[in-house]
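Please work through the following exercises with the sequence and the structure at hand. Each task is followed by a worked solution.

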Amino acid sequence: MALSIEDIKKIAHLARIEVNDSDAAATLTKLTGILGLIEQMQAVNTEGIVPMSHSQDVVQRLREDVVTKSNQREAFQQIAPALGNGSAERAVDHGLYLVPKVIE
Amino acid sequence: MINSSLKKLSQMLAKKEVSSVELTQAFLNRIDALNPEINAYIALDQEKTLAQAKAADIRIAAGNAEALTGIPIAQKDIFCAQGWQTTCGSKMLANFVAPYDAHVISQFDAAGAVNLGKTNMDEFAMGSSNETSYFGGVKNPWDFTRVPGGSSGGSAAAVAARLCAAATGTDTGGSIRQPASLCGFTGLKPTYGVVSRYGMIAFASSLDQAGPMAKSAEDCALMMNVMAGFDERDSTSLNREKEDYTRDLNKPLQGLRVGLPKEFFAEGLDANVGKVIDAAIAEYKKLGAEIVEISLPNTGLSIPVYYVLAPAEASSNLSRYDGVRYGHRAESYTDLMDMYCKTRAEGFGAEVKRRILIGTYVLSAGYYDAYYLKAQQIRRLIAQDFEEAFKHCDVIMGPAAPSTAFKAGEKVDDPVAMYLQDIYTISTNLAGLPGMSVPAGFSSGTDGKALPVGLQIIGNYFDEARMLNVAHQYQQVTDWHTRMPEGLA
Amino acid sequence: MEWEVVIGLETHAQLQTKTKIFSGASTEFGSEPNTQACEVSIALPGVLPVLNKEAVNCAIKFGLAVNAEITPRSVFARKNYFYPDLPKGYQISQYDEPLCFDGYLDVTVETPEGPQVVRVEIERVHMEEDTGKLTHAGGATGRIHGADYSLVDYNRAGIPLIEIVTKPVTGTGRLAPEVARAYVTELRNVIIALGVSDARMEEGSMRCDVNLSIAVPGAEWGTRSETKNVNSLRSGERAVRSEIERQASVLNNGGRVIQETRHFHEDTGRSTSGRSKEQAEDYRYFPDPDLVPVKPDAAWIETLRAGLPERPSIRRKRLKEQWAVPDKEFAAMVNADVLDIVEETVLLGADPTKARTWWLGEISRIANDQNVAIADLAITPADVAELVALVASGDLTDKLARQVVEGVIAGEGKPSEVVAKRGIKVVNDDGALMAAIEKVCAEQADTAEKVRGGHLPAAGALIGAVMKETAGQADAAKVRELLLKHLGQ
């Protein structure tokens, strides 16, 4: 599966990672190498084989519907990142997290 | 003292030959002296550490000590420890102070162990040399120009250089076993599900497992007694009866069937490493083991399968690092999209970004069947290979790594060459089986320097006690595991 | 032009569990922002999900109530995308292997030819987690000025949802809007009867998206649009109607309907274009490796099935028969949403017809006048039952009872208390009535003569005067009887 710079840009967008043009070229080379490695899988016939997600055949444990967590807003918001764009204040206000305005 | 086993240290503490504070201080002094060079530790907090030691001393005096009470343990910086900087080797979490304890950390706390500090690691556990860490590489205590292996490189160096009594690591594709091999100590990756992943920063959820890194099999067994056990906060944690991992250490090995996979002794294995492994096998014959040739035909495919599944899971696990609630946020950005893209471009290193991109790609529309699904199918074939093999043997042995420690910088530009380091270890993670690396001798690198070589032992599901027995018996008749790098005494 | 209309409805209902689907954080409504956002809710590094049993109970109960199959092995999947209200960067949902599939709901729509039953097939019901809440700062909030930021509250993140997806509903033609409304209404009835959600569309605990396409009869299905922000039953109907009109207009003008997401506006009854779905988002679904399959066994399912309440449609049928209510009157009760309250009144001993008359008649009128819902008035089924009993025993006339109703609603107490406070009494005493009748006949001698002469309608004025004379407390029918007798009729 041959990748192009356009593909790199598309994947980077999906992953929300900025990749500038010079990085894109280097990334393309390295990823092409890794994909070549992955292609080896195609040599094997896997028809009828059930995919394996977990090694043990375990059934999901179910939790009782009882409240076990309390308010930890202060502790958690103490580690909120700085707002950025010149402000070193924490990106929280009146208990709410602040993100750049979302345009619907 | 710094060379003493965990059992010995526990006895010394009980007999008041040394206090936990004294023992801990001894290690802290040693870290002060050697860590600037070796860079095994990312975070240290003498105050917190000594406070724990003091508390341990009180407990020992009260007669409430357990096997690891008062003993200083190094914690890989992948475990969230409340109040401790927890970076996962990344700029993304460089300023993250964990507000809660991982299950593993709580277990050690409950046992009265002392947290010596957080060890260096490949960024987000992605690497085999500790060279992807934001906090710089780690030096292999046997040869400062070489890597210690990875991703648990900091813990590895800490154990090898006696900068701790023992350490914790995690193993997703070999990250405990390969460094154990390269640094000459004993490391164990348990069966998947035996140690809780709660609070252990996720890389590849279906492969990650935490395990002990220590100076002997017996030490690893004592560590396992603390680390293993059901945790209801982890849906993949197995609810099994509590085990004493030391229970079978002294069993004789007469009649043990040891399987040698022919694929582990083929092309790609350094000849000198091969010789060390052969000698170790010979030693096992003397102990009464019966050698059986087996085959794990899909071994070669384990690398492509791993490099589809692990990056896929990682690409999703790392999406939460978006600069909104904690961790790194870009300093300047224009809008939300820009904030996301810059934060993640700045916060992640090159290898992590590569794996996120690969992971995103193999999950994307149109490629899921050909890559992800296919890899899960081959994964089952690999597990079936082991299932078949274990019909003919009790444990499987072979090299843990294809070569000894390589020079820093040697493989950084060639991801695929780096990935091939894990060729012998990855299949165990895919199958969810337990695996160990045990020091088996030394082999010369190209410049003649003698470097450690590890023997890998792979067991069937939940067979850790037997594996530890197999390793322990070997360690009764050999002394590779007691060696220490010259000049670091 | 008679268009072939194909509609699909996707409904999300918030489950009324005490805790979130994957963590023990509270789901209570109305708390301060981020006070119910535990470490799992804000996706701190290292946290893991554990499934809420009650959420699964609710989902299975709902599946059974809509005649769906419950899958023996259900798997959770990650839906990957980035948005500030999605802390992990993925939503845990279900993709392949949803919990329930192949169900249906029969709904009745009124047509010119009479009521018609339409079977809406349900493709799947699956479980997923709700996102946090995003609001937009409009102006200064504390230190942060201006509308440069959006605000995120994660209290809602992780609340359990069920998503109910219909198969494409075809053949409804011009009845499509009514079918849509009837389906969502009935869905809501089922959900409320089960007690799994309070299903308040205006509050967001039930949300509906409408998918719709039109085509020339006999031709291939047209391009589909999706309309969101449908916040009431009426909006659902209007959204379908307006979308049919819009698409018809586009096609009639030779245009092409584009695949897009539209946003419905309550005030205009129309939708506007939102994100274009031509470039559909790639969610890269894959099974969540932090969770393992849910396997509801037959015993569990049967226990839930045995505990299911009566299906709303069955209940309606039963009550209609029991109360002997004609179709139109019954439909009126259902539409006015008074069925429950009438049933409660009947269970307290009231005659069904009388109960119905009061709730649908006088009390509905008062509710309308005051611009509130019937449920918000201070009068209860017990009050109405008491009232009906008082009228039946002759202690009150209908007219007097209306005064009592006013009094109860005004907060003067229960019917008996209002009667006492206001001194309302039926004048039953023939003697007193005769006195009043004679007085009135004397005062209006001419009219009395007319009646004596056989002109009965004239009696009305006399009866009115007698009622006035008795301050409205006489039984008008009794007065008429006595009056006419007195005047020889």
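The exercises below concern a predicted model and treat helix packing, domains, chain shape and chain contacts in turn.

**Exercise 1. Determine how helices α1 and α2 of chain A are oriented towards each other, and which residues form their contact.**

Solution. 
- Step 1: Locate the helices. In chain A, α1 covers residues 5–14 and α2 covers residues 21–39.
- Step 2: Consider the geometry. The axes lie 9 Å apart, and the packing angle is about 100 degrees.
- Step 3: Classify the angle. Angles of 65 to 115 degrees count as roughly perpendicular, and α1(A) and α2(A) are therefore roughly perpendicular to each other.
- Step 4: Identify the contact residues. From α1(A) come Ile5(A), Ile8(A) and Lys9(A), which meet Ala24(A), Ala25(A), Thr27(A) and Leu28(A) of α2(A).
- Step 5: Sort the residues of this contact by class. Five are nonpolar, one is polar and one is charged.

**Exercise 2. State the domains assigned to chain A and the separation of their centres.**

Solution. 
- Step 1: Read the bounds. The domain assignment places domain 1 of chain A at 5–42 and domain 2 at 74–104.
- Step 2: Taken over C-alpha atoms, the centres of domain 1 and domain 2 of chain A are 32 Å apart.

**Exercise 3. Decide whether chain C is a compact globule or more spread out.**

Solution. 
- Step 1: Note the secondary structure. Chain C contains 15 helices and 15 strands.
- Step 2: Compare the radius of gyration with the globule rule. For 489 residues the rule gives 23 Å, whereas the radius of gyration of chain C is 30 Å, well over that value, so chain C is more spread out than a compact globule.
- Step 3: The C-alpha trace of chain C spans about 95 × 60 × 55 Å along its principal axes.
- Step 4: Of the 489 residues in chain C, 43% are buried.
- Step 5: Among contacts in chain C with a separation of 6 or more, 68% join residues 24 or more positions apart.

**Exercise 4. Describe the contacts that chain B makes with chain A and with chain C.**

Solution. 
- Step 1: Begin with chain A. This contact takes 59 residues from chain B and 42 residues from chain A.
- Step 2: Find the helices involved. On the side of chain B that touches chain A, α9, α10, α11, α12 and α13 of chain B each supply at least two residues. The largest share, 11 residues, comes from α12(B).
- Step 3: Sort that side of chain B by class. It has 33 nonpolar, 14 polar and 12 charged residues.
- Step 4: Turn to chain C. Here 24 residues of chain C are in contact with 33 residues of chain B. The side of chain C that touches chain B has 15 nonpolar, three polar and six charged residues.

Methods:
Residues numbered from 1 in each chain as written. Chains lettered and ligands numbered in written order. Predicted model: local features only at pLDDT ≥ 70, side-chain atom pairs only at ≥ 80, totals over all residues. Axes fitted to C-alpha atoms, helices over the stretch in contact; angles between N-to-C directions. Helix = DSSP H or I, 4+ residues; strand = E, 2+ residues; numbered from the N terminus. Parallel < 35°, antiparallel > 145°, perpendicular 65-115°, else oblique. Contact = placed C-beta atoms within 7 Å. Nonpolar A, V, L, I, M, F, W, Y, C, P; charged D, E, K, R; others polar. Domains from an automatic or database assignment. Rg over C-alpha atoms; globule rule 2.2 N^0.38 Å. Buried ≥ 20, exposed ≤ 12 C-beta atoms within 10 Å, placed from the backbone.
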